[in-house]
Amino acid sequence: MTPALLRVRAPYFVRNMISLFVVSSIPIGVYWYTFNVLSKDEFSDIPIPPIADDELAKLKKEYEDKKNSS
């Protein structure tokens, strides 16, 4: 950058940095809040349906077939 360009931009530097902080803090705050709220979810009260042994064997076979074909 040329010295003239630096002189022209100098008066706006502080205001631009404050604006950058304010504008970037909004999405960062939203992400932080969302992460904190979602990390407190407790799924232990949701019942897991039982699975039959033959169904489990079928699912394992499908998984192994997919893994081997990739």
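I took buried to mean under 20% relative accessible area, exposed to mean over 50%, and partly exposed to lie in between, with a 1.4 Å probe and protein chains only as cover. By that rule V14 counts as exposed, because its relative accessibility is 54%.

Before going on I noted that this is a predicted model, in which local features need pLDDT of at least 70 and side-chain atom pairs count only at pLDDT 80 or more, while totals for chains, interfaces and linings use all residues. Residues are numbered from 1 along each chain as its sequence is written, and side-chain values use heavy atoms, with hydrogens and water left out.

Overall form. I looked up the secondary structure and found 2 helices and 0 strands, where helices (H or I, at least four residues) and strands (E, at least two) are DSSP runs numbered from the N terminus. The radius of gyration, taken over C-alpha atoms, is 28 Å for the chain, whereas a compact globule of 70 residues would have one near 11 Å, by a rule of 2.2 Å times the number of residues to the power 0.38. Along the principal axes, the C-alpha atoms fill a box of roughly 75 × 35 × 10 Å. I also noted that buried residues make up 0% of the 70 residues.

Helix α1. This helix covers residues 3-39, and both V8 and V14 are found in it. I recorded V8 as exposed, because its relative accessible area is 55%. From V8 to W32 I noted 24 residues in sequence and 37 Å in space, C-alpha to C-alpha.

Surface. The accessible surface (Shrake-Rupley method, 1.4 Å probe) comes to about 7000 Å² for the chain, with 68% belonging to carbon and sulfur atoms. I then looked for patches, which are made of residues with over 30% relative accessible area and no salt bridge, like charges being joined within 9 Å and nonpolar side chains (Val, Leu, Ile, Met, Phe, Trp, Tyr) within 5 Å. A nonpolar patch with about 1200 Å² of accessible area includes F13, V14, M17 and Y31. D53, D54, E55 and E62 form a negative patch.

Helix α2 and charges. E62 lies in helix α2, residues 53-69, and I listed E62 as partly exposed because its relative accessibility is 42%. I found 1 salt bridge in the structure, defined as a side-chain nitrogen of Lys or Arg within 4 Å of a carboxyl oxygen of Asp or Glu. The partners are D65 and K61, whose closest N and O atoms are 3.2 Å apart. D65 and K61 are 4 residues apart in helix α2, so about one helical turn separates them. D65 is partly exposed at 40% relative accessibility, while K61 is exposed at 53%.

Last, I compared the mean positions of the 9 positive and 9 negative charges, which are 23 Å apart, counting Lys and Arg as positive and Asp and Glu as negative, without His and the chain ends.

Methods: The place of a charge is taken as NZ of Lys, CZ of Arg, CG of Asp or CD of Glu.
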